[in-house]
Amino acid sequence: MTDARPVRPPRLRPGDRVAVVAPSGPIVAERLDRGLDVLRGWDLDPVAAPHVRGGHPSLGHLAASDEERARDLQEAWCDPSVKAVFAARGGYGAQRMVDLLDWDALRAAAPKPLIGFSDVTVLHEAFAVRAGVATLHGPAVAGEVFLKDDATRDHLRRTLFAPETVRTLASPSARPLVPGRARGLTLGGCLTMLATELGTPRARPGAAGGLLLLEDVGEPPYRIDRSLTQLLRAGWLDGVAGIVLGSWARCGPYDRVREVLVDRLAGLGVPVAEEFGFGHGDSALTLPLGIPAELDATAGTLTFDVPATG
């Protein structure tokens, strides 16, 4: 496990070869083809990993066997000709394959952007803690929001190619749940995945000193309550500097979700911004993870000390 500040990966340049992997759930082939076309339109050379289109022999919720999904990610990351690794989608399955990865080999390879969200939160956490690499909480290339929303695609593209243009993030919907300012390294992602990481090998011990990003999808308010309570009881939120809340798509009426968020988080006494525009919504910002930043919950802004990619 590494305790050092994560290393920023290099920015992308026109003509770069990039890999698309499916570390979790199965993809829709037509959506993958459209996502690859978008990347080609960015003057990238995208290559789908060998098992992205494969499928699991018996478990339909997985893109391929655990070993195959791990091998695809490992080979893409360790291939020096590949300059970034994109997740095709989330779903479920990253927990099943993350411990099959050769972390010595991954640490020895040159850092590169890893882009994904939702179930990919498991990999964001692992690359931060085990490899010391900053990653990008961003849309999946075979995901609906990436394919349909121009703003989502443009923000990811600028984060990868011109990160200095997106040093300060703001969302028109953002507002303070708890006002104030805070500083720290960004971390987090999908609430459910963070809660289920507790107690697993080499998991992050806690969010102390960090700016924690949280969002989820399809979780009714009582299950959001359960996951937040699990983090609180485990002491994982002790010392967190601030919290940035994204979308809660298909989690029920937002006023009920908000009641839970206030009840569980306001007592921490740290700034909390809500409805910040990342996650499973109709449009999604790309948020760098492992980068020092300042949260102004009152103004609804997140300002990074340095660009997400070097």
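Author: Happy to! Start at Ile115, which stands opposite Leu136 in β5. Do keep in mind that this is a predicted model, in which local features need pLDDT of at least 70, side-chain atom pairs count only at pLDDT 80 or more, and totals for chains, interfaces and linings use all residues. Residues are numbered from 1 along each chain as its sequence is written, and side-chain values use heavy atoms, with hydrogens and water left out.

Now look at the two strands (DSSP runs of E, at least two residues, numbered from the N terminus). Residues 114–116 form β4 and residues 135–137 form β5, and these strands run parallel, paired over 2 bridges; pairing takes at least two DSSP bridges.

Stepping back, you can trace an open sheet of 6 strands in the order β2-β1-β3-β4-β5-β12, with mixed pairing. At its edges lie β2 (45–48) and β12 (287–289), each of which pairs on one side only. Between neighbouring strands of this sheet the turn is 25° on average, direction ignored, with axes fitted to C-alpha atoms and angles from 0 to 180 degrees between N-to-C directions.

As for the cysteines, the whole structure has 0 disulfides, a disulfide being two cysteine sulfur atoms within 2.5 Å. Cys251 is buried, at 1% relative accessible area, while Cys78 is partly exposed, at 30% (buried is under 20%, exposed over 50%, partly exposed in between, with a 1.4 Å probe and protein chains only).

Conventions
Helices (H or I, at least four residues) and strands (E, at least two) are DSSP runs, numbered from the N terminus.
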